[in-house]
Amino acid sequence: MAHPHESPRPSGQNITALDFMTVFDGNQFPVWPEEQREVGERFNSLFNDAMLNYIDRVDSGPEPSNSHRSTLLLERPDESDPATTWSIELTEAPPPIPVPFLELRRLVLTKYTDGRPGLGALYQQAMDGVVRRFDFGASERGTAIAKLHDGRRPNLGGGGSFADAYVAALGPDIERQTEEMTKTDREQFMKKVLHEIVARRAEMAHGQDGQPVAMSEMIALEDFMGHPDMRVLGED
């Protein structure tokens with residue numbers, strides 16, 4: 001039975017890592033704000049449950065920008081192919097300043113067949129609670145996972161002026177917090193803000209990557225993560 005806030009899902013020809021994933025071809029139906037909110041709540045619960053279930057296997061440590069990173073690596077078999085497994089990487093690293101679109105959590109799924117990486121997907125939950133999915137292939141895995149944070153996007157406005165203006169528009173509290181950071185931390189933070197602005201503009205404009213996740217996909221992701229043979233990566 002369809003969820004009351006679930007947007008209908010179109011069929012498409014593009015290839016995704018798993019059949020339940022919506023094809024982002026620019027023609028998919030929108031995910032409305034109420035559905036985005038409910039998906040965010042369920043993703044948050046899914047993420048926290050996984051972390052708590054394997055709390056003694058969570059790798060935690062400080063981040064350079066006065067933040068804290070927690071990472072958990074899991075794996076599970078693929079029911080349709082005994083030579084295939086899925087690796088699952090969960091990471092939480094709250095940014096030092098609560099800018100809405102900066103990443104709070106990520107869940108990365110990667111398909112391995114005979115030990116070789118294949119298609120995968122990165123689910124990102126930003127500080128605004130919205131969950132978006134980025135798709136990648138075997139040769140793109142490293143760049144896809146780093147794509148939102150490596151600063152390789154083109155600069156805008158010279159230096160960090162555009163990012164400075166955006167942070168200022170968020171209000172005096174956030175602007176003051178950035179001013180209180182060390183010079184190095186502030187430069188890195190503003191670089192990330194600028195990078196996210198450019199990335200988000202391009203993705204939103206084309207509707208082909210980094211789009212909000214629908215409730216139907218979220219429910220299927222919960223089923224995927226609830227596999228009875230899920231285990232910590234590398235443990236029997």
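Me: Is leucine 73 buried, exposed or partly exposed?
Reply: Leucine 73 is partly exposed, at a relative accessible area of 37%. Please bear in mind that this is a predicted model.

Me: Where is leucine 73 placed?
Reply: Leucine 73 belongs to strand E2.

Me: And what is leucine 73 in contact with, leaving aside neighbours within four places in sequence?
Reply: With those neighbours set aside, leucine 73 is in contact with Ile88, Glu89, Val232 and Leu233.

Me: What share of the 236 residues counts as buried?
Reply: Of the 236 residues, 46% are counted as buried. The protein exposes about 12,200 Å², and 51% of that comes from carbon and sulfur atoms.

Me: Among contacts between residues at least 6 apart in sequence, what percentage joins residues at least 24 apart?
Reply: The figure is 61% of those contacts.

Me: Now the helices. How do the axes of H1 and H6 cross?
Reply: The axes of H1, residues 33-53, and H6, residues 215-225, come within 9 Å of each other and cross at roughly 10°. Angles under 35 degrees count as roughly parallel, and H1 is therefore roughly parallel to H6.

Me: Which residues make that contact?
Reply: H1 contributes Glu35, Glu38, Val39, Arg42, Phe43 and Leu46, while H6 contributes Met215, Met218, Ile219, Leu221, Glu222 and Met225. Sorted by class, the contact has eight nonpolar and four charged residues, with no polar ones.

Me: Which residues of H6 are buried?
Reply: The buried residues in H6 are Met215, Glu217, Met218, Ala220, Leu221, Phe224 and Met225.

Me: What covers them?
Reply: The cover over the buried residues of H6 includes H1 and strands E2, E3 (81-92), E4 (103-113), E5 (116-126) and E6 (131-136).

Me: Which residues are linked in a network of them?
Reply: Salt bridges join Glu34, Arg37, Glu38 and Glu41 into a network. Within it, the side chains of arginine 37 and glutamate 41 meet at 2.5 Å, N to O.

Me: How are arginine 37 and glutamate 41 spaced in helix H1?
Reply: They are separated by about one helical turn, because they stand four residues apart in H1. In general, an α-helix has 3.6 residues a turn, so residues three or four places apart point the same way. Both partners are partly exposed: arginine 37 at 39% relative accessibility and glutamate 41 at 43%.

Me: Which residue forms a salt bridge with glutamate 75?
Reply: The partner is arginine 231, and the closest N and O atoms are 3.2 Å apart. This pair links distant parts of the chain, with arginine 231 in strand E8 and glutamate 75 in strand E2, 156 residues apart.

Me: Is glutamate 75 buried or exposed?
Reply: Glutamate 75 counts as buried, at 13% relative accessibility, whereas arginine 231 is partly exposed at 31%.

Me: What about arginine 57: which side chain does it meet in a salt bridge?
Reply: Arginine 57 meets the side chain of glutamate 235 at 2.6 Å, N to O. The two are 178 residues apart, arginine 57 in the loop between H1 and strand E1 and glutamate 235 in the segment after strand E8. Arginine 57 is partly exposed at 39% relative accessible area, and glutamate 235 is partly exposed at 31%.

Me: One last spot. What is the phi of aspartate 114?
Reply: Phi of aspartate 114 is near 50°, a positive value in a residue other than glycine. Most residues other than glycine have a negative phi.

Me: Where does aspartate 114 lie?
Reply: Aspartate 114 lies in the loop between E4 and E5 and counts as exposed, at 55% relative accessibility. Glycine 115 is also in the loop between E4 and E5, and it is exposed with a relative accessible area of 63%. The C-alpha atoms of glycine 115 and alanine 83 are separated by 8.3 Å, although these residues are 32 apart along the chain.

Note on methods
Residues are numbered from 1 along each chain as its sequence is written. This is a predicted model: local features need pLDDT of at least 70, side-chain atom pairs count only at pLDDT 80 or more; totals for chains, interfaces and linings use all residues. Side-chain values use heavy atoms; hydrogens and water are left out. Axes are lines fitted to C-alpha atoms, for helices over the stretch in contact, and angles run from 0 to 180 degrees between N-to-C directions. Angles under 35 degrees count as roughly parallel, over 145 as roughly antiparallel, 65 to 115 as roughly perpendicular and the rest as oblique. Contact means heavy atoms within 4.5 Å. Ala, Val, Leu, Ile, Met, Phe, Trp, Tyr, Cys and Pro count as nonpolar, Asp, Glu, Lys and Arg as charged, and the others, Gly among them, as polar. Buried means under 20% relative accessible area, exposed over 50%, partly exposed in between (1.4 Å probe, protein chains only). Accessible areas come from the Shrake-Rupley method with a 1.4 Å probe; for residues, only the protein chains shown count as cover. A salt bridge is a side-chain nitrogen of Lys or Arg within 4 Å of a carboxyl oxygen of Asp or Glu.
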